Amino acid sequence: MDLVEPSRGHEGSLQYHLHEQEDGRFFLYEVWRSREDLDRHNATPPLRAFMDELPEHIEGAPEAYFGAMRSPYPAIAA
């Protein structure tokens, strides 16, 4: 949870959500304006430290999936 709000403030962050499954697994849902913005986010010291410590807290390797958003974002009413 400590990474959520700071990550939402990073340049190019469009969506950043932490989900917990009923079985106790967690996953992050992230949408970034560009791959460059995501790479810049991934290079920040807090995220690097988190990733370095992650193997101590999970079984197996973390999974990551990359793709392109195909549906448009809905317009936000003012």
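The following legends describe close-up views of a predicted model. Residues are numbered from 1 along each chain as its sequence is written, and side-chain values use heavy atoms, with hydrogens and water left out. Because the model is predicted, local features need pLDDT of at least 70 and side-chain atom pairs count only at pLDDT 80 or more, whereas totals for chains, interfaces and linings use all residues.

View 1. Strand E1 covers residues 13-20, and strand E2 covers residues 26-32. Strands (E, at least two residues) are DSSP runs, numbered from the N terminus. The two strands run antiparallel and are joined by seven bridges; strands pair if DSSP finds at least two bridges between them. Five residues separate E1 from E2 in the hairpin, and glycine 24 in the turn has a positive phi of about 95 degrees. Within the pairing, tyrosine 16 stands opposite glutamate 30 in E2.

View 2. Serine 13 is found in strand E1 and is buried, with a relative accessible area of 16% (buried means under 20% relative accessible area, with a 1.4 Å probe and protein chains only). Leaving aside residues up to four places away in sequence, serine 13 touches Ser7, Arg8, Val31 and Trp32; contact means heavy atoms within 4.5 Å. A polar atom of the serine 13 side chain lies 3.5 Å from the backbone oxygen of serine 7. Serine 13 and tryptophan 32 are 19 residues apart in sequence, yet 4.8 Å apart in space, C-alpha to C-alpha.

**View 3. The aromatic pair.** The structure holds one aromatic pair. Tyrosine 16 and tryptophan 32 form this edge-to-face pair, at 6.4 Å centre to centre and with 80 degrees between the planes (rings of Phe, Tyr and Trp, the last by its six-membered ring, pair if their centres lie within 6.5 Å, and planes over 60 degrees apart count as edge-to-face). Because tyrosine 16 lies in strand E1 and tryptophan 32 in strand E2, the pair ties together parts that are 16 residues apart in sequence.

**View 4. The largest nonpolar core.** Six residues make up this core: Leu3, Val4, Tyr16, Trp32, Leu38 and Leu47. A nonpolar core is a set of buried Ala, Val, Leu, Ile, Met, Phe, Trp, Tyr and Cys residues joined through side-chain atoms within 4.5 Å. Valine 4 touches Tyr16 and Leu18, not counting residues up to four places away in sequence.

Notes. Helices (H or I, at least four residues) and strands (E, at least two) are DSSP runs, numbered from the N terminus. Buried means under 20% relative accessible area, exposed over 50%, partly exposed in between (1.4 Å probe, protein chains only). A polar contact is a pair of N or O atoms within 3.5 Å; within protein, one must be able to donate a hydrogen and the other to accept it, and residues adjacent in sequence count only if both atoms are side-chain atoms. Rings of Phe, Tyr and Trp (its six-membered ring) pair if their centres lie within 6.5 Å; planes under 30 degrees apart count as stacked, over 60 as edge-to-face and the rest as tilted.
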